[in-house]
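Morning, everyone. I have one structure to go through today, and I will keep it short.

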Amino acid sequence: MSHGIRSAPNSPKGRSLSPDPRCSYPQADMSSQPFHWVIPQADTHPEAIEVLQRYQITHEFYQEALYREVQHIQAQDYQALASQHRQELEQLRRDINIMGWFNRWLQRRSP
């Protein structure tokens, strides 16, 4: 089972990354023995608890940075797609309306 970063399957240009939703870590426990699931006797190893707390904070920071980067990339892709759609709409508006000509011709011919 992989944890951490995974590539989004249908991402535009394969650039977007998203955090793995299965990657969830327990929230900071404010009880007397934080990280008791990692260190059974946490009271005897305070330096280990400090290292784990720093790791958890660092991990959360990088997950937030990754999330913001993904949001930024998606916003850029959305803006590029919206711009492309606006250009295509303008081209369609400038095209010759053959169906309109055909309909006018049919209306003239019908009694």
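I will take the salt bridges, then an aromatic pair, then a surface patch. Keep in mind that this is a predicted model.

Salt bridges, then. The structure holds three of them. As background, side chains of opposite charge can pair when their charged atoms come close.

Start with Arg-54 and Glu-50, where the closest N and O atoms are 2.8 Å apart. These two sit four residues apart in helix H1, residues 46-94, so about one helical turn separates them. Arg-54 is exposed, at 56% relative accessible area, while Glu-50 is partly exposed, at 39%.

Further along is the bridge between Arg-68 and Glu-64, with a closest N to O distance of 2.8 Å. Both residues are in helix H1, four residues apart. Arg-68 is exposed at 58%, and Glu-64 is partly exposed at 37%.

Then there is Arg-93 with Glu-90, at 3.3 Å from N to O. Here the spacing in helix H1 is three residues, again about one turn. Arg-93 counts as exposed, at 60% relative accessibility, and Glu-90 as partly exposed, at 39%.

Now the rings. The count comes to one aromatic pair. The ring centres of Phe-61 and Tyr-62 are 5.4 Å apart and the planes are at 80°, so this pair is edge-to-face. Phe-61 and Tyr-62 are both exposed.

Last, the surface. Which residues make the nonpolar patch of about 420 Å²? They are Met-99, Phe-102, Trp-105 and Leu-106. Leu-106 lies in helix H2, residues 98-109, and is partly exposed, with a relative accessible area of 38%.

That is what I had.

Note on methods
Residues are numbered from 1 along each chain as its sequence is written. This is a predicted model: local features need pLDDT of at least 70, side-chain atom pairs count only at pLDDT 80 or more; totals for chains, interfaces and linings use all residues. Side-chain values use heavy atoms; hydrogens and water are left out. Rings of Phe, Tyr and Trp (its six-membered ring) pair if their centres lie within 6.5 Å; planes under 30 degrees apart count as stacked, over 60 as edge-to-face and the rest as tilted. Buried means under 20% relative accessible area, exposed over 50%, partly exposed in between (1.4 Å probe, protein chains only). Patches are made of residues with over 30% relative accessible area and no salt bridge: like charges are joined within 9 Å, nonpolar side chains (Val, Leu, Ile, Met, Phe, Trp, Tyr) within 5 Å. Accessible areas come from the Shrake-Rupley method with a 1.4 Å probe; for residues, only the protein chains shown count as cover. A salt bridge is a side-chain nitrogen of Lys or Arg within 4 Å of a carboxyl oxygen of Asp or Glu.
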